[in-house]
Amino acid sequence: MFMTGRHRQAKAILLELLETVPVDSNIAARAANIISQAAAIDGLKDEQLYYLAISAIADIRSSTREVTSLQQLGINLYESDDIERSRTYLARALDNAVECQAAMRMLQTSKALPVIDKAHQEAMRLGRIRLYMAIMFLVLLMACLIAVLAMLNREMKRMKELQRHLESANKQKEMYMGHFLSLCTVYMDKLNKFCQIAIRKITTGHTDELLRLMKSGRFIGEHTHEFYETFDKAFLHIHPTFIDDVNKLLKPEEQIVPGEGELLNTDLRILAFIRLGVEDSPTIAQTLNYSLHTIYSYRNRLRNRAIDRDNFESDIAGLD
């Protein structure tokens, strides 16, 4: 049917076939490949990529090396500007073709790889440019932080002049401000050290090493952990009974107990932000370095664990 122009009828039959054969079989790989070709005829780009990926996975799981799907997937990803994965898939397809002596596959892949490799090199060059711009931005950000700290310092002096009239309120504000300044100082110190590392790497020509460091996420991960520790200590210092107060609002079997070595866990930190008046999920997600979807999921699960689901978050915001 496919070869005689009836690709939609062929696609329907092959979709039924995919539901009946093992996903790691060679039949599944061949069926998914033809479905991707049918999708391409109808201009369904995403569907074409999806079934090429399904076919490539089936080839890998069935230990088939003389393949077409991985090669086609690499070429299509290049056309979609996904250069990195395109280069990786085509390189693997070429290795497979060499190992199984598939001359035609070697020729086809060898023609595409130089073009894609050139595009990859260009992407790397643009990445280095973006890195330099990011470093400049970090330097400007550090200057802004210094200016903010200077403004905060002046504000604290002004607040002291009103201390006689607002003594009790000022003590609470000064406590929050002190922890905020501590966080700013820690991050300024870390930012300064990172800038020094970046300058040294660029000066010595080790930009690739610097790029790997940034991509690894280790720098952000370490600072996130330090932020959590500082935030937890500061918040519990101000609200020492917060965990017990939260558990009073939860069902007996849904009590929250921080893990060993933890002051607060993710559930409690989200609730702590709500207690501080930060109820905007995007702001919480950005601060805690989570995705917005993750924060929504956490908040929904917490409401489901509450005795009064509908008023749970407002009860948290009203805790003493």
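Student: Which residues count as nonpolar, which as charged and which as polar?
Tutor: Ala, Val, Leu, Ile, Met, Phe, Trp, Tyr, Cys and Pro are nonpolar, Asp, Glu, Lys and Arg are charged, and the others, Gly among them, are polar. The model here is predicted: local features need pLDDT of at least 70, side-chain atom pairs need 80 or more, and totals for chains, interfaces and linings use all residues. Numbering starts from 1 along each chain as its sequence is written, and side-chain values use heavy atoms, without hydrogens and water.

Student: How does the lining of the second largest pocket divide?
Tutor: Into nine nonpolar, no polar and two charged residues. A pocket is an open set of points on a 1 Å grid over the protein atoms alone, where a 1.4 Å probe fits, with protein on both sides within 12 Å along at least five of seven lines; lining residues have an atom within 4 Å of a point.

Student: Which residues line it?
Tutor: Leu15, Leu18, Glu19, Val23, Ala28, Tyr50, Tyr51, Ile54, Ile57, Ala58 and Arg61. Helix 1 (7–18) and helix 3 are the elements that give two or more. Helices are DSSP runs (H or I, at least four residues), numbered from the N terminus.

Student: Which helix gives the most?
Tutor: Helix 3, with six residues.

Student: How do helix 2 and helix 3 pack?
Tutor: Helix 2 (residues 26–41) packs on helix 3 (residues 45–61) at about 165°, with axes 8 Å apart. So the two are roughly antiparallel (over 145 degrees). Axes are lines fitted to C-alpha atoms over the stretch in contact, and angles run from 0 to 180 degrees between N-to-C directions.

Student: Which residues touch?
Tutor: Among them are Ala28, Ala32 and Ile35 of helix 2, and Tyr51, Leu52 and Ile54 of helix 3. Contact means heavy atoms within 4.5 Å. The contact holds 10 nonpolar, five polar and two charged residues.

Student: And where do helix 1 and helix 2 meet?
Tutor: Helix 1 uses His7, Lys11, Leu14, Leu15, Leu17 and Leu18. Its partners in helix 2 include Ile27, Ala31 and Ile41. The axes come within 9 Å and cross at roughly 145°. This contact has 12 nonpolar, one polar and one charged residue.

Student: New topic. What about helix 11 and helix 13?
Tutor: The axes of helix 11 (residues 266–275) and helix 13 (residues 292–305) come within 10 Å and cross at roughly 90°. That makes the pair roughly perpendicular (65 to 115 degrees). Thr266, Asp267, Ile270, Leu271 and Ile274 of helix 11 meet Ile295, Tyr298, Arg299, Leu302 and Arg305 of helix 13.

Student: How many of those are charged?
Tutor: Three, beside six nonpolar and one polar.

Conventions
Parallel < 35°, antiparallel > 145°, perpendicular 65-115°, else oblique.
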